[in-house]
Amino acid sequence: MTARLYRLTRLLLALALLGALNACALFQARDPLTISVIGIDPLPGQDLEMRMAVKMRVQNPNETPLDFNGIALNLEVNGQPLASGVSDQQGHIGRYDEAVISVPVSITAFAFIRQAYGLSTLGSLQGMPYKLRGKLAGGPLGTVRFSDEGKLDLPKGGNLDW
């Protein structure tokens, strides 16, 4: 009886090990999302706050689609926090597909003053570094974090088209 129990335990352990190895194949590494800021549009603000809609192109370079049910982001310009925003919008980005997502963000008066002071020390408004960080929430794989960084080149002269 003990030998049978010993064999059965070894068989169950071997099956559990095979099952665990097989489950690892389900969690293949995912390539990071490609995020690009493609536009910033003004929105109506309140009191001492400015509001804008940040438009982003999100590209999914993976074989599995991405479903999300919320988004949050933070925008940093010239090494200082500028804007943050959240949205409970839902969406689907198919495999090897892309989507444009618009997220409303808020800029407080203090963040604006801090940026204006930082800009006064610069000789030019060209080439200011920015960083965009955020996350797409939900889906079967959980939260997907993303980031984008680059340099802002503002139009020269009075042609400030937002």
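Me: Where is Asp-47 found, and what counts as a strand here?

Reply: Asp-47 is in the loop between E1 and E2. Strands are DSSP runs of E with at least two residues, helices are runs of H or I with at least four, and both are numbered from the N terminus. E1 and E2 form a hairpin with five residues between the strands. Keep in mind that this is a predicted model: local features need pLDDT of at least 70, side-chain atom pairs count only at pLDDT 80 or more, and totals for chains, interfaces and linings use all residues. Numbering starts from 1 along each chain as its sequence is written, and side-chain values use heavy atoms, with hydrogens and water left out.

Me: Why is Asp-47 called exposed?

Reply: Its relative accessible area is 84%. Buried means under 20%, exposed means over 50%, and partly exposed is in between (1.4 Å probe, protein chains only), so Asp-47 is exposed.

Me: What makes the phi of Asp-47 worth a look?

Reply: Phi of Asp-47 is near 45°, a positive value in a residue other than glycine. Most residues other than glycine have a negative phi. Tyr-96 also has a positive phi, about 50°, and is not a glycine. Tyr-96 lies in the loop between strand E6 (91-93) and E7.

Me: How do you know that E1 and E2 pair?

Reply: Two strands pair if DSSP finds at least two bridges between them, and nine bridges join E1 to E2, so they pair. They run antiparallel. Thr-34 stands opposite Gln-59 in E2, and Pro-42 stands opposite Met-52 in E2.

Me: What makes E2 and E7 a pair as well?

Reply: They share 12 bridges, again in the antiparallel sense. Met-52 turns up here too, with Val-105 as its bridge partner in E7.

Me: Is Leu-43 buried, exposed or partly exposed, and why?

Reply: Leu-43 is partly exposed, because its relative accessible area is 33%. This residue lies in strand E1. Leu-43 and Ala-53 are 10 residues apart in sequence and 6.6 Å apart in space, C-alpha to C-alpha. A contact means heavy atoms within 4.5 Å. Leaving aside neighbours within four places in sequence, Leu-43 is in contact with Arg-51, Met-52, Ala-53 and Pro-104.

Me: Why is Asn-62 called buried, and what does its side chain reach?

Reply: With a relative accessible area of 6%, Asn-62 is buried. Its place is in the loop between E2 and E3. The side chain of Asn-62 reaches the backbone nitrogen of Asp-31 at 2.7 Å. Beyond neighbours within four places in sequence, Asn-62 has contacts that include Arg-30, Arg-95 and Tyr-96.

Me: What makes a group of residues a nonpolar core, and which members touch the most others?

Reply: A nonpolar core is a set of buried Ala, Val, Leu, Ile, Met, Phe, Trp, Tyr and Cys residues joined through side-chain atoms within 4.5 Å. The largest one has 27 residues, and Met-56, Ile-101 and Leu-136 touch the most other members. Among the strands that each supply at least two residues of this core are E1 (34-43), E2 (49-60), E7 (97-108) and E8 (126-136). Leaving aside neighbours within four places in sequence, Leu-136 has contacts including Val-58, Phe-68, Ile-101 and Phe-146.

Me: How many helices and strands does the chain have, and how much of it is buried?

Reply: There are two helices and nine strands. From the N terminus on, the elements run α-β-β-β-β-β-β-β-α-β-β. Of the 162 residues, 25% count as buried. Residues 24 or more positions apart account for 62% of the contacts with a separation of 6 or more.

Me: How confident is the predictor, and which elements have the lowest and highest mean pLDDT?

Reply: pLDDT is the predictor's confidence in each residue, from 0 to 100. The mean for the chain is 80, and 81% of its residues reach 70 or more. Among the elements, helix H1 (residues 2-26) has the lowest mean, 70, and E7 the highest, 92. Over residues 158-162 the pLDDT is below 50, and beyond near neighbours in sequence this stretch has four contacts in the model.

Technical notes:
A polar contact is a pair of N or O atoms within 3.5 Å; within protein, one must be able to donate a hydrogen and the other to accept it, and residues adjacent in sequence count only if both atoms are side-chain atoms.
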